[in-house]
Each structure stands twice: as structure tokens, then as C-alpha cells.
Amino acid sequence: MLLVIGIHVLLTVVTAALAERVGPKIFLVAALGPVSGVVLLALSAHDVLSGHAWSQSYRWVPGISLEIGLRLDPLSWLMLVLVSGVGTMIFVFTAWYAHRDETLTRFVSTLTAFAGAMVGLVLSDNVLSLYLFWELTSITSFLLVGLNTTDPVSRRAAMQALLITMMGGLSMLLGLVMLSTVAGTWRLSELLAAPPEATPVVQAGLALVLVGALTKSAQAPFHIWLPGAMAAPTPVSAYLHAAAMVKAGIYLIARFSPTFAEDITWWRPVLVAAGVTTMLLGGWRALRQHDLKRLLAFSTVSQLGFLTIVAGWGSEASQAALALLLLTHGFAKAALFCSLGAVDHQAHTRDLHRLSGMGRRMPVLAGAAWVAALSMAGIPPLLGFVAKEEVLGLLVEEGAGLATAALVGVVLGSAMTLAYGLRYCWGAFATKNLPDGDPDHSTDQIRGVDVRRPSSGMVAPITVLSLFSLGLGLRPATLDHLVAAVTGHEEHLALWHGLNLPLMLSMLIIVAGLALFALRPRFMRLQDGFCAVSAPFDADHWYDRTLHLVDRTAGFVTGRTQIGSLPFYLGVIVFVAVTGPGLALVFGTTPLRPLPLIDSPAQAPVVLVTMVAALLACFTRVRLTAVLLLGAVGYGMATIYALHGAPDLALTQLLVETLSIVVFLFVMRLLPYRYPDAVPGSWNRAKALVAISVGVLATSLVLLASNPYRTSEVGPSVATGMLEGSYTQAHGRNVVNVILVDFRGLDTLGEATVVLVAALGIASLVMTARRPPPTPRGAKAPPGDDPLPRPSTLLRVAVRVTFHATLATAMYLLFAGHNNPGGGFIAGLVAGAAFMLRYLSADVSVASTPLHPRALLALGLVLASGTATAPLITGTDLLTSTYVSGELPLLGSVSMSSVLIFDTGVFLIVVGITLVILDTLGSRKATSLGVVNEDVKL
Amino acid sequence: MSLPVLTSALAQTAAVATPAAGEGSAPVHMASSETSVLFAVLIGVLFATGAYLLLQRALTRVLIGLGLLTHAANLLLLSGGGRAGPAPFVSGEGAPEAVVDPLPQAMALTAIVISFAVTALLLGLTYRSVVLVHDDAVQDDPEDRRIQHAAEEHHEEPETEVLR
């Protein structure tokens with residue numbers, strides 16, 4: 001079974017590749033797909049029809065029940081007859097119908113893909129793969145309806161079909177997930193064999209599944225997409241929108257009905273109501289179409305309504321009737337659509353007013369179409385008659401209120417079926433000499449004698465389909481096995497059951513249908529009057545209004561929320577972040593224990609100074625002051641870290657803050673001295689309010705988090721193991737550094753990459769910025785002149801002396817970091833600071849180094865990631881460290897870990913980004929760029 | 001915990017100033033996980049000032065706000081590791097020590113360096129803004145404004161051709 005789906009997938013690709021070269025006959029190659037389905041039917045027939053279902057599954061992610069589970073039972077077998085059997089005929093027909101044009105490639109490969117998806121759909125046993133194939137058919141249907149991409153009508157139709165069936169598909173997914181969760185299995189067969197109790201959840205799940213089925217099978221009020229979908233080429237309409245895809249909904253209902261129709265009280269009434277409404281509505285509208293394709297479309301809607309009634313009943317007898325009805329409709333409607341396609345292909349019109357005398361010109365085609373139409377209408381001795389007798393017999397036997405209502409609907413609908421069947425055959429093939437007053441009169445007729453005969457390649461598949469309708473009607477006993485397998489007990493089908501009520505009803509239907517057709521002009525005038533009243537209730541109109549409403553709501557919401565202001569967005573984010581946890585905090589009930597006021601006496605003044613600096617940075621309107629105050633906060637932080645017992649952090653913070661100030665000044669010197677004055681108003685107050693609430697929340701959060709009651713519930717810190725293993729496993733005494741380069745080395749590698757990307761970002765931001773034209777505010781310094789005063793001699797001398805010593809210190813920190821404060825980050829920052837000092841002291845715009853900054857970055861990343869991934873070669877885990885120690889001459893006992901190389905990579909990256917900054921933001925180009933601020937001089 | 005409880009607890013805390021000594025039997029273990037009140041208040045002030053600056057229009061002020069927020073976040077990490085104590089160095093000999101939790105420190109160290117890189121990148125962005133518009137104010141997105149106007153102008157009902 002998987003093989004059959006695989007063949008379809010393969011053919012989708014192959015036909016797409018070959019279509020250009022082969023032309024329309026490529027459809028014969030594509031037909032191998034459905035043919036493989038027919039082969040499967042033949043091979044499995046004996047087993048499946050004697051009650052042994054075939055099943056097969058391909059497990060993908062067993063843990064979350066993701067699998068392609070396939071099961072071929074009698075109902076699937078029956079559906080496969082439609083999908084692959086009728087499908088083969090349609091592919092053959094298309095080979096003669098299609099033209100060589102630019103849509104051919106898409107046409108053939110999408111149709112093949114559809115055939116594959118449909119096979120998957122009817123074979124799926126896993127509900128998720130069922131959903132997957134279900135949606136695949138929707139998507140391929142969308143592509144096929146919209147095959148003509150330049151025509152707005154076909155684009156609208158495709159969109160409408162997609163939106164409605166996708167909405168249904170999503171609803172179905174939700175329903176299936178609900179059902180499967182309750183039932184505890186994702187297998188459809190297991191779910192239906194042991195159904196969950198009818199709790200509200202299960203009922204809701206079933207209702208959602210039904211919505212999916214009803215949209216797919218175009219039941220009112222979702223029927224509107226189907227007539228629109230007739231914008232597709234006729235074979236597509238025959239296959240997707242008559243024989244196969246629209247039957248998917250019926251198939252799903254038929255799957256669920258035997259299990260749930262009795263227990264769920266609303267199941268039958270809902271489906272009978274939907275079915276009867278759809279059947280009558282479709283028939284009513286089919287009778288007034290003069291575009292034959294729309295006529296057939298509405299007749300399909302009507303027949304799907306009929307199928308829904310029968311499928312929803314869910315008794316053994318109804319399943320038997322459904323099996324026959326599915327076959328009848330599949331054979332008949334595919335033949336009718338194809339016959340119309342052939343007429344349209346030859347006469348270039350499908351308007352029944354204009355067609356005349358086609359029957360004489362194409363007698364075989366006309367004969368096949370008549371057989372199909374009469375079979376659909378249930379005229380003896382065709383298959384449709386057998387099927388209709390079964391349905392009527394079933395409803396008569398049930399006899400209850402609902403069954404009687406259904407019976408009345410079916411009789412009325414069937415009369416219409418005969419009438420529009422006759423209207424189709426008469427419209428397409430009859431020779432017309434209508435009087436002027438007739439609503440179907442036309443002066444612009446195309447006569448059969450002027451039209452060429454359709455090629456036998458088109459006529460043959462249609463004839464075959466109709467022969468099935470005829471042959472199975474004459475010998476219904478052939479189907480005994482199939483019907484018995486579907487229902488599970490013996491069935492004896494016959495053409496003649498004797499003179500009984502169903503037969504009388506059939507006679508009534510035939511008489512009423514003939515009368516309806518004969519009184520055609522009068523009936524159409526009646527319809528005209530009715531339409532004027534019903535126009536506001538047109539479902540298509542409501543579809544448009546709904547879409548418009550969604551559009552407007554989306555526009556309204558977007559317009560109100562996406563106002564394009566960054567402060568507004570950030571404000572909203574911060575506000576939401578505060579209110580959520582804030583509310584939990586206010587309404588929480590954890591008692592709070594007293595906490596110590598300060599950690600150590602030295603902490604108090606530092607914290608106070610830091611707070612004041614932060615507050616001042618908030619309110620100053622001078623740019624330079626703000627930056628220096630930020631620096632003050634940073635140094636305060638470094639001191640706090642040092643007092644807290646975090647020497648590595650203190651060192652890092654100190655260095656980063658120093659470098660940051662310089663980088664800030666690089667940019668600030670280009671900007672005005674003061675910030676523009678704030679606009680006082682409610683916005684500012686709102687910002688302050690949000691900010692204060694953030695602060696209050698943060699403080700409360702910290703106090704609560706360190707609450708002894710809380711912490712006693714929490715287990716020991718994950719760092720306990722790291723403390724214990726630091727020296728014994730990783731050979732380092734500085735636990736923080738060991739964590740960085742060993743225990744959590746992957747984080748550090750990611751971080752080094754972030755730094756590298758940031759460096760590249762800076763380089764591209766600054767280097768690609770072109771000089772703007774001279775500004776009105778005036779660039780004081782003409783380009784080329786050095787606007788900077790020479791740095792003091794004292795500084796230059798001091799830097800000359802200390803530069804190399806600083807670099808040596810950096811090296812020491814790098815090597816010592818594993819056991820003492822230091823490490824790659826700190827060493828890199830120290831080296832960076834050395835280069836920065838040299839840059840500031842000498843009036844060279846580029847900090848000259850033996851290596852290019854970007855080469856340093858690259859080398860750093862290679863070293864770090866190389867060390868990280870090297871253990872993979874020997875088969876150990878990522879980032880495993882190696883440790884060697886030994887005696888070296890002169891140096892004595894030396895020990896070294898592979899993480900040192902890793903740390904060197906980090907070191908190089910940090911040096912690299914510093915040099916990139918000096919090279920770009922600190923370059924002469926940047927300096928000479930219109931200095932508007934004379935107060936800041938470097 | 002409701003707000004009145006919080007305030008009374010804060011008042012009580014002020015009375016207790018002696019740090020509790022760490023205890024445990026492992027050779028190396030961590031000090032008490034309580035945070036001092038002053039520490040918590042500092043975190044609050046840094047968060048508040050940072051958030052306030054973040055909501056400003058001038059990009060450099062946003063950046064300074066971001067810097068303050070980073071400090072606040074780092075302190076928050078550190079507070080998760082408990083109170084001040086001896087630095088997390090191990091001797092390897094197995095003498096009992098009570099050190100502060102090293103993991104938040106490692107995280108904060110990473111955060112400091114990343115924030116340096118990000119600050120530099122955003123300064124590069126500011127530089128670009130200066131080059132292009134001679135200002136560091138964050139402009140409103142004109143595209144969003146256009147969408148807003150377009151959404152408000154479309155009001156007419158669609159016309160459906162009623163097919164019979």
C-alpha cells in the first residue's frame with residue numbers, strides 16, 4: 001500500500017520533468033499511478049472482501065504516535081475503486097482532452113499528486129496521517145482550480161475552495177485530536193472499535209469532525225465553493241469535484257456513523273437535515289442553469305446531499321445502500337463530466353442554449369451520457385435503480401418520524417435528479433427548435449453538423465464507465481460480495497424485488513421527474529420569482545461579507561496596535577511583563593521572613609553611590625554626563641562584585657566599563673551636546689509610572705526569591721557538583737573559569753560566536769555608511785584636516801612604557817585563569833584595553849597590529865570550535881577536555897589542559913572585537929564626519 | 001504575599017543585620033542563599049532607571065538604559081546565588097569552605113561580555129543613524145503609519161454577483 005503511494009509521488013516528479021517534452025500524452029504515463037491502485041484492488045480483493053483487512057504501517061516518531069498507518073478494509077476498498085478505478089479512466093480521457101500549453105506541467109503533476117493524496121486518505125488508519133492526506137487533497141484542489149492563474153474568477157474560486165475546506169480541515173483535526181486523546185489511541189480502527197463514552201468532550205469532538213466532513217463534501221451552507229471550483233479544467237471537476245475528493249467527507253461520515261449514529265442523539269437529525277437541504281437546494285439550482293458545467297456542479301451538490309443522508313444513517317442496511325450509491329454516483333458523474341468535456345472540446349461552448357444536434361454527430365458519446373444520467377436518476381435497469389431501491393426500502397422500513405422526513409426529501413430530490421439529468425442530456429445532445437418565448441431559446445446556435453467528432457480516446461473511457469453502470473445494473477448479484485463485506489452480513493441484490501412500496505415510490509419519482517422536465521418553461525418562471533425574494537440569503541454573498549469583516553477587523557487591530565513607535569512597543573512589553581507577575585505577587589500568600597539589611601559594612605556606601613549615579617543618569621540632559629554616570633554605575637558594580645566574592649566578575653566589569661565608555665564617546669562626539677528637551681505630558685508620566693512599577697516588582701521578586709521558606713523547598717544548587725568536580729575532574733581551582741570553559745563550554749562557544757557576529761555587524765554598519773552631503777548645521781572641520789589636538793606627551797610616553805607589559809599581563813591572566821582570577825575573557829579585555837590606550841595616545845587612526853582584526857576573530861572561532869569538536873573525532877562527547885602534565889627542562893613541573901586552547905580562542909575573539917571597534921567607530925573617517933559637538937574632544 | 005505584608009516584612013528586616021553563617025558537612029559547600037535588603041533595593045533602582053531610559057526616543061539614552069538593565073539583571077542572577085561570601089576557589093585538599101555559588105557568576109560573566117558586544121553593535125547603529133539623519137532619535141516607522149491609514153479608509157461593502 002505504501003508502494004502505491006510511493007508510485008504516485010514518484011510519478012508526480014517524473015511527469016513534471018517530462019511534460020514539456022511529451023505533451024498531453026503524459027497523462028498516460030501519469031495513469032500508471034491509478035493503475036497501481038487498481039492492481040492493489042485486484043490483489044487484495046479476495047482477502048479484503050472475505051473480511052481480512054490488509055494493514056501496514058511506517059513508524060516515524062513512535063513516541064508521539066507519528067506514523068503512516070494504512071489499513072485496507074472493505075469501505076476503503078470501495079473508495080479505492082472510485083479513486084483509482086474511475087481515476088484511471090479520467091487520466092486516459094485527459095490524455096486526449098488536454099492541450100499542450102504552459103499549464104500542462106502543473107496540471108499533470110498536481111493531478112497525479114492529488115491521486116496519491118486521495119489514495120493515502122482512504123487508506124489512512126492513523127488520524128494524523130488521515131488529516132495530512134486530507135489537507136493535501138485540499139491544497140492540490142486549490143492548485144487545480146486556480147490552474148489558470150491570470151483569470152480573477154478562477155483565482156477567487158480557488159481561494160474560496162481553499163478557505164472553506166481548510167477551515168473544515170482544521171476543525172476536523174481538532175475534533176480528531178479530542179477524540180483520540182479521550183480514547184487513548186491514534187488508530188482510527190481502534191478508536192471506532194472501542195468508542196469512548198459520549199461525554200460532552202467526545203460530542204464536541206464529533207461535531208468538529210462533522211464540520212470537516214460537511215465542508216469537504218460541500219453541504220449547505222458550505223456548498224458554495226463547489227460550483228465555483230468548476231473554473232478548473234473539466235477532468236479535474238470530474239475527478240476531484242465529482243468522483244473522488246468530495247466523497248472524502250461522505251467517507252468520513254460513513255466511517256463514524258455505524259459507531260455513533262445510534263448513541264449520539266443529534267447525529268442522524270443533523271445529517272438528515274443537512275443532506276435534505278443540500279439535495280433540494282442543489283436540485284433547485286441545477287434546474288435553472290444553462291451553463292452545463294454549473295448544471296452538473298449543482299447536480300453534484302444535490303447528489304452529495306443524498307449521500308450524506310444515507311451515510312449519516314449508519315445502520316447495516318444504509319451502509320449497503322451507501323456502497324451502491326457511491327459506486328453509482330462515481331461512475332455516472334465522472335462519465336457525465338467527461339462527456340461534457342468532450343462536447344466542450346469539440347464545440348467550444350457548454351451553453352445549452354447554443355448547442356444543438358450534437359447527439360446525431362456523436363451518437364456513442366450521447367448514448368454513454370444518457371446511460372450515466374439515467375443511472376444517476378435511478379431508472380431501471382441501471383445500477384442507480386438498484387441503489388435507489390435499497391435506500392427507499394431502508395427508509396420505508398425504518399418508518400419513524402425522521403425516516404419519513406428523509407423519505408419525503410429523497411423522493412422530491414430524486415424527482416429533481418431525473419429532471420436535471422434529462423435537462424443535461426437534452427441540453428447537450430438534442431436538436432433544438434424552441435419557440436421565441438422559451439427561456440432556453442437562443443439565436444446563436446452551434447449545429448452538430450459543423451462540429452468534428454471527438455476522438456475515440458475521449459469517448460472510450462466514458463463508454464467504459466457507462467458500461468459499468470449498465471452491466472452492474474443488469475447483474476447486481478456481482479456486488480453481493482462487496483456489499484456483504486462492507487455491512488458485515490449476507491446481502492442479495494436484485495433488480496426486481498416484486499411489487500412493493502419502494503417500487504411505487506420509484507414510479508412516482510419517474511412521473512414527477514418527467515413532469516418537472518416537461519413543464520420546464522413554467523417552472524423556470526416560478527423560480528425567477530422565488531430568486532428575487534431569496535437573493536439576500538445567498539451564501540456566496542455572506543461568504544464575501546465575512547471575508548470583508550475579517551479584513552476590516554485585521555486592519556483595525558493592526559492600525560491601533562502597530563503604530564510604528566518603538567517606545568510604545570517597548571512600553572507595552574514592559575507593562576505586560578510587570579502586570580502578570582505583579583498580580584501574582586500582590587495576591588500571593590507566602591509569608592516573608594526577615595532578611596539581613598546589608599552583607600557587609602563596606603557594601604552600603606558603594607550601593608548608595610551606584611544608586612545615585614543611576615538616578616542621575618536617568619535625568620541628565622547632557623550626553624557626556626549621561627555616559628560618565630553610566631561608567632560610574634559600572635565601576636560601582638565592579639566594586640559590588642568584588643565585595644560579593646566574585647573577583648572574576650569584578651575584573652571583567654571594570655575592563656568592560658572602561659572600554660564601553662571609550663566606545664560611547666566615539667559616537668557621542670558626533671552628536672549634539674545636549675538631548676533635546678523632553679516634551680512634558682502624560683506620556684512621560686506614564687513612562688515613569690511603568691519604570692517605577694518595574695523597579696518595585698524587581699525588588700519584591702528578589703526578596704521573595706531569597707525567602708528562607710522558599711529556598712528550603714528548593715533542592716541544593718546544581719553548582720554543588722561543579723564545586724566538587726572542579727579540581728578533581730577539570731583540574732582547575734577557579735570554579736567560575738572552569739564552568740565557563742569546561743562544564744558549560746558550549747554556552748561560552750555560543751557567546752563567543754555572538755561577539756564575533758556583533759563585530760562583523762559593527763564593521764558592516766560603519767564601513768558601508770557613506771558620507772552624507774555637508775549638513776546645514778555645519779561640519780566645522782573640512783575633511784582631511786585633523787580636528788583632534790595631539791595627545792599629551794606624558795600619555796604617549798606612559799603608553800610606550802606600559803603597552804608591552806600590559807600585553808604580558810594579559811597573557812599571564814590567560815594562562816593563570818584556570819586556577820586564579822583571570823581567563824580568556826578577562827585577558828582579552830586587558831589586551832583590548834592596551835590597544836585602546838595606544839590608539840588614544842598616538843595620533844594614528846588605526847591601531848596597527850601584526851594581524852588583521854577579522855583574521856583574529858576567525859582564528860579565535862576556529863580554535864574555540866576546533867577544541868570543542870575535536871573530541872568527536874576520537875568518539876568522546878563534545879567539549880571533553882584532555883589534561884596533560886609532566887616535567888619540562890628549565891620550567892619544571894608543567895600541566896596543561898586542552899581547555900586552554902579553547903580559552904585562547906575566546907581571548908582572540910574578544911581582542912578582535914576591540915580592534916574592530918577601533919578600526920571602524922574610531923577611524924579617522926568617522927572622526928572627520930561632521931563634528932557637531934566641540935565639547936567632546938579625545 | 002500581599003503588599004502590606006511585604007512592607008511590614010521590610011520594616012522587620014531592617015532590624016536584623018547580622019549575616020547568618022553557612023553550615024554543612026561537605027568539604028566545599030555554599031553559603032546561605034539569603035539576599036540582603038540593600039541588594040534587592042539596588043536591583044529595583046537599576047531596573048526602574050533602566051526601564052525609564054529604555055522608553056526614551058534618543059537611541060543613546062535607550063542604550064544607557066540597556067546598560068543599566070544589564071547591570072540589574074546580572075545582580076539578579078547573583079542574588080540567586082545568595083549573599084556575599086568567599087570567592088569560589090577550591091584548594092583541592094578538602095578543607096571545609098563556604099563559598100558563594102559560582103554558577104550565577106559564570107552566567108553573569110558571560111552576560112557582561114555579550115552586553116559589551118551588543119552595546120558596541122547598537123553604537124554602530126547609532127553611528128549609522130547619525131550619518132544618515134544627523135540625529136540619534138528613533139523615528140516612527142512610516143510604513144506602519146501608512147497601514148494604519150489604509151485600514152481606516154477602506155469601509156465600503158463588497159459587491160457579490162449573486163449567482164442563481
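Predicted model: local features only at pLDDT ≥ 70, side-chain atom pairs only at ≥ 80, totals over all residues.

Tutor: Residues are numbered from 1 along each chain as its sequence is written, chains are lettered from A and ligands numbered from 1 in the order in which they are written, and side-chain values use heavy atoms, with hydrogens and water left out.

Student: How do you know what radius of gyration a compact globule of 938 residues would have, and what does chain A have?

Tutor: The globule rule is 2.2 Å times the number of residues to the power 0.38, and the radius is taken over C-alpha atoms. The rule gives a value near 30 Å, but chain A has 40 Å. The C-alpha atoms of chain A fill a box of roughly 120 × 65 × 60 Å along the principal axes.

Student: Why is Thr349(A) called buried?

Tutor: Buried means under 20% relative accessible area, exposed over 50%, and partly exposed in between, with a 1.4 Å probe and protein chains only. Thr349(A) has 7% relative accessibility, so Thr349(A) counts as buried. Across chain A, buried residues make up 56% of the 938 residues.

Student: Where does Thr349(A) lie, and what does Thr349(A) touch?

Tutor: Thr349(A) lies in the loop between helix 15 and strand 3 (355–356) of chain A. Helices (H or I, at least four residues) and strands (E, at least two) are DSSP runs, numbered from the N terminus. Chain A has 38 helices and six strands. Contact means heavy atoms within 4.5 Å. Leaving out residues up to four places away in sequence, Thr349(A) touches Asp344(A), Arg354(A), Leu355(A) and Ile446(A).

Student: What makes a nonpolar core?

Tutor: A core is a set of buried Ala, Val, Leu, Ile, Met, Phe, Trp, Tyr and Cys residues joined through side-chain atoms within 4.5 Å. The largest has 181 residues; Phe27(A), Tyr239(A), Phe256(A), Trp267(A) and Tyr424(A) touch the most other members. Helix 15 (residues 316–347) of chain A gives the largest share, 19 residues. Apart from this core lies another, of 132 residues, including Met668(A) and Phe39(B).

Student: What makes helix 11 (residues 234–243) of chain A mostly covered?

Tutor: Ten of its ten residues are buried. Among them are Pro235(A), Tyr239(A) and His241(A).

Student: What makes a space a cavity or a pocket?

Tutor: On a 1 Å grid over the protein atoms alone, a cavity is a set of points where a 1.4 Å probe fits but cannot get out. A pocket is an open set with protein on both sides within 12 Å along at least five of seven lines. Lining residues have an atom within 4 Å of a point. Grid points are joined across faces, edges and corners, and a volume is the space filled by probe spheres set on the points.

Student: How much space lies in the largest pocket and in the largest cavity?

Tutor: The largest pocket holds about 1300 Å³. Of its 50 lining residues, Val153(A), Gly228(A), Met230(A), Ala231(A) and Arg350(A) are the closest to its centre. Helix 7 of chain A gives the largest share of this lining, four residues. The largest cavity holds about 140 Å³. Helix 28 of chain A gives the most to the cavity lining, with five residues.
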